[in-house]
Amino acid sequence: MTSSRKQRMSLLDNLAAAGAPSPASAPSMMSSNRALRSARDAVDAHHVWELDPTSITDTRIEDRLDPADVIDLREAIETNGQTVPILVRRDPKDADRYLLIYGRRRLEAIRQSDKVAKVRALVASMDEDAALRAQISENMARRDLSFIEKALLAQSLVASGFGNQSQVAEVLTVTKSAVSMAISVVEAVGEDLVRAIGPAHGVGRPKWDALARGMADSQAAPARLIEVAEGARSDAALSRLVGEDDGDEDPSRAAFDAVLKAVSAPKPAKPNAKPPAPRKRSLSVNGQAAGSVQRTAKGVQLVLEDGAFAQWVEAEAQDLINDLHARWLQQAED
């Protein structure tokens, strides 16, 4: 094998090594490394191609939520050149075109460049399934997808017919139950709000579950929460730009925290309703006002107009109560 071929083959070996597992995690990463090895074996053995960026089509399922801001990468490539080729495969429907497997940001950076006209690429002979597995494995080897990025990717893979939840779980090196729960979170929160928040690295399933529950409890309008997320991301990005003390915060993490706070805020307490005023009934004797009876919080209050009759009731109160109670018992038995 020539030295140039060894160098080309080592490019994908390095990608696989970047995600090489420790002995304890080897089983869970086996499929990722296998996909990268398959990609390496499929690479055209002749050379690294210099392709017109416009001849490459990107139809891959999106697996990153980071903004398409590649200014820094474009400047680095213009200054130092493109050190790592992208990986493409030939378009089976058009011999003059290629389909991107991975290297989306590098491709976009060169498309935006006025100084670099060609993109360096390795060309592999792979079918759609193998290309998708290589894409996912390469991205996971370079940097772990966040929980919500994996959740969106799992939802897209299942919806696209790539496979069932068990097959998707194998590609993402997680359990089937993890895939099921992740998809449930995306459905509960809503894809539009998820994308407005962004990857939110470091935010795991428990907090996303809490957000979903908070949305259900608060009945908050999704459009309003999207505004909250976008505002928080803009503020965090501006803080980074002007170098404020707290400007190191990840804009997507700031967006998640803002939305969670919005749905977790306690509802304003309703003013205590005034208790209904006690009912007072007027009493009369022979058509003349004699007093009133009123139900209060403590019982029944009887008020009689001062006079001879009131004095007699006061003197006979115990006997009157006994008679009334006896009448009540008789009525209850009847």
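Tutor: Two strands pair if DSSP finds at least two bridges between them. The model is predicted, so local features need pLDDT of at least 70, side-chain atom pairs count only at pLDDT 80 or more, and totals for chains, interfaces and linings use all residues. Residues are numbered from 1 along each chain as its sequence is written, and side-chain values use heavy atoms, without hydrogens and water.

Student: What makes β3 and β5 a pair?

Tutor: Strand β3 (residues 86-90) and β5 are joined over four bridges, in the parallel sense. Strands here are DSSP runs of E, at least two residues, and helices are runs of H or I, at least four, numbered from the N terminus. Across this pairing, R89 stands opposite A124 in β5.

Student: How many bridges join β1 to β5?

Tutor: Three bridges join strand β1 (residues 49-51) to β5, and the two run antiparallel. E50 stands opposite R120 in β5.

Student: Why is β5 called largely enclosed?

Tutor: Buried means under 20% relative accessible area, exposed over 50%, partly exposed in between (1.4 Å probe, protein chains only). Five of the six residues of β5 (residues 119-124) are buried, so the rest of the structure largely encloses this strand.

Student: Why is α6 called roughly perpendicular to α8?

Tutor: The axes of α6 (residues 147-159) and α8 (residues 176-189) come within 8 Å and cross at roughly 95 degrees. Axes are lines fitted to C-alpha atoms, for helices over the stretch in contact, with angles from 0 to 180 degrees between N-to-C directions. Angles under 35 degrees count as roughly parallel, over 145 as roughly antiparallel, 65 to 115 as roughly perpendicular and the rest as oblique. Therefore α6 is roughly perpendicular to α8.
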